[in-house]
Amino acid sequence: MHLELGRTDLQIQDPRGHAPETMRRLHQALASGAPAVPDARRPGFFEIQAGDQVFYIHISPVTQTITLLATWAREAELEIAHSV
């Protein structure tokens, strides 16, 4: 799934105070339509994959405000093992 957010005026909240570089990468990923995997258990929550990093976000259905909740390094080796 690709999020159709190809805008540069995205409102991104960061309640956990991530590094500016992390926020920049998330903004770039969202603006370029990076792949998004919806959380099957939580409507409005997504994992965004951007290179070697994964972002866990919530998009408000009312305001379209994006909240960064967590980020972690993507483990390509683990993904390859699960796909075999």
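Modeller: Strands here are DSSP runs of E with at least two residues, helices are runs of H or I with at least four residues, and both are numbered from the N terminus. Keep in mind that this is a predicted model: local features need pLDDT of at least 70 and side-chain atom pairs count only at pLDDT 80 or more, while totals for chains, interfaces and linings use all residues. Residues are numbered from 1 along each chain as its sequence is written, and side-chain values use heavy atoms, with hydrogens and water left out.

Biologist: Got it. Is Tyr56 buried or exposed?

Modeller: Tyr56 is buried, at a relative accessible area of 14%. Buried means under 20% relative accessible area, exposed means over 50%, and partly exposed is in between, using a 1.4 Å probe and protein chains only.

Biologist: What does Tyr56 touch?

Modeller: Leaving out residues up to four places away in sequence, its contacts include Asp39, Arg42, Phe45, Leu68 and Trp72. Contact means heavy atoms within 4.5 Å. Tyr56 and Trp72 sit 16 residues apart in sequence, and their C-alpha atoms are 8.6 Å apart in space.

Biologist: How many aromatic pairs turn up in the whole structure?

Modeller: The search finds one. Phe45 and Tyr56 make that pair, and it is stacked, with 5.8 Å centre to centre and 25° between the planes. For the cut-offs: rings of Phe, Tyr and Trp (its six-membered ring) pair if their centres lie within 6.5 Å, and planes under 30 degrees apart count as stacked, over 60 as edge-to-face and the rest as tilted.

Biologist: Why does that pair tie together separate parts of the sequence?

Modeller: Because Phe45 lies in strand 3 (residues 45–50) and Tyr56 in strand 4 (residues 53–59), the pair ties together parts that are eleven residues apart in sequence.

Biologist: You mentioned Asp39. Where is Asp39 found?

Modeller: In the loop between strand 2 (36–38) and strand 3. Asp39 counts as buried, at 17% relative accessibility. Neighbours within four places aside, Asp39 is in contact with Phe45, Phe46 and Tyr56. A polar atom of the Asp39 side chain also lies 2.9 Å from the backbone nitrogen of Arg41.

Biologist: Switching topic, which residues touch the most other members of the largest nonpolar core?

Modeller: Leu30, Ile48, Phe55 and Ile57, out of 15 residues in that core. A nonpolar core is a set of buried Ala, Val, Leu, Ile, Met, Phe, Trp, Tyr and Cys residues joined through side-chain atoms within 4.5 Å. Helix 1 (20–31), strand 3, strand 4 and strand 5 each give two or more residues to this core. Helix 1 gives the most, with four residues.

Biologist: And what pattern does the protein chain follow along the sequence?

Modeller: β-α-β-β-β-β-α, which comes to two helices and five strands. Of its 84 residues, 32% count as buried.

Note on methods. Polar contact = N/O pair within 3.5 Å; in protein donor to acceptor, adjacent residues only side chain to side chain.
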